[in-house]
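Q: Please take a close look at the pockets and cavities of this protein, and describe what lines them.

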Amino acid sequence: MTKLTAEELDFDNLDFSYKDLPYRYQAEYHNGAWEPGKLITDSNITLSEAAVVLHYGQEVFEGLKAYRRKDGGINLFRPDRNAKRMRESAERLLMAGYPVPDFIEAAKEVVKANQDFVPPYESGGSLYLRPMLIATTPMVGVKPGKDFIFRIYATPVGAYYPGGMKPTAFVTSEFDRAAHGGTGQAKVGGNYAASLLPGEEAHRAGFSDVVYLDPRQHQYIEELGSANFFGITKDGQFKTPKSPSILPSITKFSLLELAKEMGMNPVETPISIDELDEFAEAGAMGTAAVISPVGSITHQAKKHVFYSETEVGPKTQALYDRLIGIQYGDQQGPTGWIVDVPLD
């Protein structure tokens, strides 16, 4: 298969889709140890038909971005947090976690090797990295695999909001994203597979996505689609749900720090679906969009509108601008948040 070239891309009009770039990084785990990893050019993976990942879903993954700075350099945003979260997800699924320092170096190698595909600063795009860890041991009985592949591939993506941030509508669902005591706190494919049906039903009904409530009482907000929720109260406090089945979002923890810096007294706390009236603004937060402003949430046929259904709230916009400014290198962020990718 012919690989994509940078000259074929219109960086100003990129979508959010997979593109087969020249290089990816791969390492394999056999006999209780990780073998040295390396850059490879083959975008395919050959597996046994009995590989554990195919039948019992023993896999975890991550998502992070590389950003082109105004001076032409490239930033990675908090790759150490992705590396640590992947190890925690792997532990939950009895997988061999990839070492954090090696994860960070692998991410740098993939970005450097594919540097021509990092969108220009002016485009507002970025290079999305997808680290993944899969169990490859052939198995018929339900047992954890002992062999694993770690891989990071990259794809250039455009700004999630090519026309600017716009509030969207969400609706609560009777479906659960993850079980109490299940794998909600781990980044595993099964959580996303479970969200496809409720998400599609929400889209057909004219909503952006689903508000998932806690699986025990269906009372407390957990996640919005595949993102974490936040609300800003009428007196300016930043609140985000606290629950053992919520994915610990790198974007969420970053915004918690920035909200504190901006005097918003942030807190993680259980948030009831009946408490929507206390919020002046709301949003979903994650790697892909950074912040997706929420215009309204409909629960049991009752629609609650936040700041506006057409305009972004001022505090939400300020948080977005601050975080994006750090990621693209325009603003100084907290120590350790930005990792420079050497290009020499």
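A: **Pockets and cavities**

The largest pocket has a volume of about 810 Å³. The structure is a predicted model, in which local features need pLDDT of at least 70 and side-chain atom pairs count only at pLDDT 80 or more, while totals for chains, interfaces and linings use all residues. Residues are numbered from 1 along each chain as its sequence is written, and side-chain values use heavy atoms, with hydrogens and water left out.

A pocket is an open set of points on a 1 Å grid over the protein atoms alone, with protein on both sides within 12 Å along at least five of seven lines; a cavity is a set of points where a 1.4 Å probe fits but cannot get out; lining residues have an atom within 4 Å of a point. Grid points are joined across faces, edges and corners, and a volume is the space filled by probe spheres set on the points.

The largest pocket is lined by 39 residues, and Tyr160, Ser226, Ala227, Ala288 and Ala289 lie nearest its centre. Elements that each supply at least two residues of this lining include strand S9 (168-172), helix H4 (189-204), strand S12 (227-233) and strand S16 (290-299). Helices (H or I, at least four residues) and strands (E, at least two) are DSSP runs, numbered from the N terminus. By class, the lining of the largest pocket has 20 nonpolar, 14 polar and five charged residues. Here Ala, Val, Leu, Ile, Met, Phe, Trp, Tyr, Cys and Pro count as nonpolar, Asp, Glu, Lys and Arg as charged, and the others, Gly among them, as polar.

The second largest pocket has a volume of about 290 Å³. Of the 19 residues that line the second largest pocket, Gly124, Ala159, Tyr320, Ile324 and Tyr328 are the closest to its centre. S5 and H6 are the elements that give two or more residues to this lining, and H6 gives the most, with four residues. The classes in the lining of the second largest pocket are eleven nonpolar, five polar and three charged residues.

The largest cavity has a volume of about 100 Å³. Its lining comprises 13 residues, of which Tyr67, Phe77, Thr251, Thr287 and Gln327 lie nearest the centre. S5, helix H5 (250-261) and helix H6 (314-327) each supply at least two residues of the lining of the largest cavity, and S5 gives the most, with three residues. By class, this lining has six nonpolar, six polar and one charged residues.
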